[in-house]
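Here is a structure to look through, with questions about the words used for its parts. Each reply sets a value against a definition.

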Amino acid sequence: MAKKQIHLAAHFPGVNNTTVWSDPQAGSQTDFASFVAFAQNAERGLFDFLFLAEGLRLREHQGKVHDLDVVGRPDTFTVLGAIAAVTTHLGLGGTINTTFNEPWELAKQFASLDHLSGGRAAWNLVTSSDAFTGENFRRGGFLKPEQRYDRAQQMLDAARELWLSDGAPIDHHSDQFDMVSRFPIPPTPQGHPVLIQSGDSDAGREFGARTADAIFSRHGSLESGQAFFADLKGRMGRYGRRPEDVTILPATTFALGDTEAEAQENGHRIREAQVSPQTAIAFLEQVWGRDLSAYDPDGPLPDVDPDPAAEITRGRVRHEKDPVAVANRWRELAEAKGGLSIRELIIETTARQSFVGTPKQVAQQMDAYVQADASDGFILVPHLTPGGLDEFVEKVVPELQDLGSYRTEYTGPTLRDHLGLQNPS
C-alpha cells in the first residue's frame with residue numbers, strides 16, 4: 001500500500017506570538033526582499049503554498065499597541081501578486097475577511113491573482129464579530145457570532161457564482177448581497193481559488209466540511225489531531241463530498257539540532273525568546289482582566305481570581321470565554337507540573353505543536369503523525385523572518401523524501417494539482 005503523502009505549507013510569520021522579531025537574525029517584515037527570500041525557499045522545498053495572515057487592526061493592551069503587533073502587514077493582494085512574479089509553482093494563500101468585504105470586489109481580486117499566477121491562488125476565509133475591528137469599516141460594529149458564518153456562506157456563494165459564470169448574466173440576491181451584472185473576468189485556471197478555512201466552533205467545522213479545500217487546524221497533539229481529523233472528514237458526506245476533498249493542515253513549529261539534546265536546547269531557547277517576562281504578564285492579564293504588573297513573571301500565579309467583566313485587551317485575544325475556568329485550569333496545570341512560574345506556564349500553554357529533534361527524527365515524527373491520520377500535513381510557522389525555513393528545507397525535506405512520504409518534484413502547475421483536487425464545476 002502506498003504511503004500517504006505529506007502536504008506542507010509555509011506561514012509568512014508577520015508579528016505574532018511565534019515570531020521573534022528581536023532576534024539578531026530576524027529581518028524586515030515589510031521589505032519585499034523578505035517575501036521573495038521566504039517564498040523562493042518554500043518553493044525550493046516543494047511546498048504546496050505560502051500563507052499570509054491578516055490583521056485588520058492592531059491589538060491594544062491596556063490602551064497601548066501590543067508589542068507583538070507593532071509591525072503590521074502590507075496589503076495581501078499586493079504582496080501575493082508580486083510574489084507570483086518571482087515564483088513558478090508555489091501556491092499563494094491570502095487571509096481575507098468575509099465580514100468587512102464585498103463579494104464582487106473579492107471575486108475580481110482573487111480571479112485576477114489566479115490568472116496572473118497561472119492557477120496558484122487560495123483564499124483563507126475568516127469571519128469577525130469584533131466590534132473593535134469593525135470601528136474601522138463603513139458598516140460599523142460587527143456581526144453577532146451566530147451571524148458570522150451565515151454571511152461567510154453567502155459571501156462565498158456569491159463569489160462562486162461570479163467565478164463560474166463564464167460571462168453569463170448575474171442576477172444574485174440574498175440577505176446580505178445584491179448583484180445584477182456580468183463578471184468581467186473569464187474562468188481562471190483553477191475554476192476558482194482554493195478555499196482555506198480555519199474556524200473550530202461547531203458552525204466553523206460545518207462551514208469547513210461544506211466548503212473548504214484545506215483546513216488550517218489548531219489541533220496540535222496526536223490525539224486531538226486524530227479527533228478533529230475524524231470529526232471534520234466525517235461531516236463531509238452530508239454535503240456530497242469525499243474525505244479526500246479536504247486537506248487538514250495544523251500549524252506547527254520546529255527546532256533542529258545535530259543531536260536530540262542540541263535540538264531540545266534550541267527549542268527551549270526559542271520558546272524563552274517567544275515569551276519574554278513582559279509578554280508572559282501581558283498574556284496573563286488577558287485572562288485575569290487586571291493589571292498584574294506588580295507580579296513577578298518568575299513567581300507563582302496570582303491568588304486573586306480574574307474579573308470576568310473586564311476588557312483589558314481589545315482585538316484578537318487568545319483565551320476562552322470563561323476566564324475563571326481558564327485560571328482554575330492553569331492553576332491545576334502549574335501545580336501538576338511541579339509549581340510552574342507565570343512565565344513557565346505561559347510558555348507551556350501558548351506553545352503550538354512543535355517537532356523537535358535531529359532532521360531525521362523530525363521527519364519521522366511528522367511522517368508518523370500523518371500516517372496516523374492526525375493530519376494531512378502541516379503549515380510551518382517559523383520563528384524567524386525571512387530565513388526561518390532555510391534549515392528545514394535543507395535538512396528535513398530530503399529526509400521526508402527518503403521516507404517516501406514527500407514529493408521530489410511538482411507534478412502540475414496549479415495549487416489544485418499540488419493538493420490533488422479537481423477543478424470545481
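Q: Why is Glu391 called partly exposed, rather than buried or exposed?
A: The relative accessible area of Glu391 is 33%. Buried means under 20%, exposed over 50%, and partly exposed in between, with a 1.4 Å probe and protein chains only. The value for Glu391 is in between, so Glu391 counts as partly exposed. This is a predicted model, in which local features need pLDDT of at least 70 and side-chain atom pairs count only at pLDDT 80 or more, while totals for chains, interfaces and linings use all residues. Residues are numbered from 1 along each chain as its sequence is written, and side-chain values use heavy atoms, with hydrogens and water left out.

Q: What makes the contact of Glu391 and Lys395 a salt bridge?
A: Their side chains meet at 3.1 Å, N to O. A salt bridge is a side-chain nitrogen of Lys or Arg within 4 Å of a carboxyl oxygen of Asp or Glu, so this pair qualifies. Lys395 is also partly exposed, at 28%.

Q: Where do Glu391 and Lys395 lie relative to each other?
A: Both belong to helix H13 (residues 390-402), four residues apart, which means about one helical turn separates them. Helices here are DSSP runs of H or I with at least four residues, strands are E runs of at least two, and both are numbered from the N terminus.

Q: How do you know that Arg205 and Asp231 form a salt bridge?
A: Their closest N and O atoms are 2.8 Å apart, so the pair meets the definition. It links distant parts of the chain: Arg205 is in helix H6 (residues 202-211) and Asp231 in helix H7 (residues 222-234), 26 residues apart. Both residues belong to a network of salt bridges that also includes Asp200 and Arg238.

Q: Why is Arg205 called buried?
A: Its relative accessible area is 14%, which is under the limit for buried, so the word applies. Asp231, at 27%, counts as partly exposed.

Q: What makes strands S1 and S2 a pair?
A: Strand S1 (residues 7-12) and S2 have four bridges in the parallel sense. Two strands pair if DSSP finds at least two bridges between them, so S1 and S2 pair. His11 stands opposite Phe51 in S2.

Q: How do the side chains of strand S2 point?
A: In S2 (residues 49-52), Phe49 and Phe51 point one way and Leu50 and Leu52 the other, and all are buried. Four bridges also join S2 to strand S5 (residues 91-97), running parallel, with Phe51 opposite Gly93.
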